[in-house]
Amino acid sequence: MPKLSLDALTDLAARGLKKAGASKSMAQATARALVAADMDGLATHGVSRVALYAQHLREGRANGKAKAKIIKRKGATCLVDAAGGLAYGAAAIAVTEAIKRAKKFGVAFCGVTNSHHFGAAAYHLAPVAQAGLVGIAVTNSPSAINAWGGSKPFYGTNPIAAIFPRKDNPPIIVDLSLTEVTRGKIMLAAKEGKPIPLGWAVDKYGNPTTDAQAALTGSLTAIGGVKGTALALMVELLCVALTGAAFSFENDSYFEPGNAPRIGHAIVAIDPDALAGADAYFSRLEVLISAMLADAGVRLPGARRHQSVAQAQAGGIEIPQALHQELVKLAR
């Protein structure tokens, strides 16, 4: 498999997006985010997404010339309109505002409306942790999970991410989809013509399937059954009802012809100093971590990502030959 430096892979992805119609700033912000996902070891959310984003740009399902902007401000909150563009620039504005407002008010909630695919949710929270704040991110997505008792996709995979900074160590990172598996893994299996394990999804008729293509037009299995669907509902209300975006069932699948998505995201930032105090927060966090690690075999959430990032920074990123050829073709 070809191995590319981080700069080379970022440039290749950005050129492909720019050729498809993204502005220079949108293409670069998106490429950086996708390469960061590959650095984290999350190939399903990495540059394998470039072709889909490029298709959406060419078809008008994403506005490559969109300029995200803040459309409402009030105290510790703000609302960013992504104007139908790719998500990463709008999300960066929301994160910047959340950090600023949390430092002023102790907590902040910044929403994003009229957006697109959010990528790896924890990616957006790195600056929050770097600022010494606790961060939470949620997003909806096109329908993927059936409402409890139903058979049709209704809620999105609706990821939830959180980040907890540490004083002298990398942050604790929690990043999970509310399905047994991310849609990205099924998408990658479909692209490679591979089957998926039974229990990951059902087809459009509600039948359990190992066919990745059938799963993409069916429904994914929620984690924890009814509990997972309740969490999916919570995410819908937080990042759609509060932002005016489109609910999951109102957004067409990314993988079939359809409407321009109007996805909603929400970023929450919390200043530990506004509560028990930063010293208490860092001290209590380390007590918990020490107790966890006293049990042999325990791995901290995010540890695998940190290791993967270090390896990528030292030696670049390997991608499949077919993906490399696809990216080169898109960038020409």
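## His56

His56 is buried, at 0% relative accessible area (buried means under 20% relative accessible area, exposed over 50%, partly exposed in between, with a 1.4 Å probe and protein chains only). The residue sits in helix H3; helices here are DSSP runs of H or I with at least four residues, strands are E runs of at least two, and both are numbered from the N terminus. Setting aside neighbours within four places in sequence, His56 touches Arg61, Ala62, His116 and Tyr254, where contact means heavy atoms within 4.5 Å.

A word on the source: this is a predicted model, in which local features need pLDDT of at least 70 and side-chain atom pairs count only at pLDDT 80 or more, while totals for chains, interfaces and linings use all residues. Residues are numbered from 1 along each chain as its sequence is written, and side-chain values use heavy atoms, with hydrogens and water left out.

Beyond its neighbours within four places in sequence, Val47 contacts residues including Leu9, Leu34, Ile319 and Leu327.

## Helix H4

Ala91 and Ala98 turn up again among the buried residues of H4, along with others including Tyr88, Glu97 and Arg101. Just after H4, Gly106 takes a positive phi of about 95°.

## Asn158

Asn158 is in the loop between strand S7 (153–155) and strand S8 (160–164), and at 0% relative accessibility it counts as buried. A polar atom of its side chain lies 3.0 Å from the backbone oxygen of Ala232. Leaving out neighbours within four places in sequence, the contacts of Asn158 include Thr139, Ser141, Leu178 and Ser248.

## The whole chain

All told, the chain has 11 helices and 13 strands, and 51% of its 332 residues count as buried. Among contacts between residues at least 6 apart in sequence, 66% join residues at least 24 apart. The C-alpha atoms fill a box of roughly 50 × 50 × 50 Å along the principal axes.

Definitions and conventions. Polar contact = N/O pair within 3.5 Å; in protein donor to acceptor, adjacent residues only side chain to side chain.
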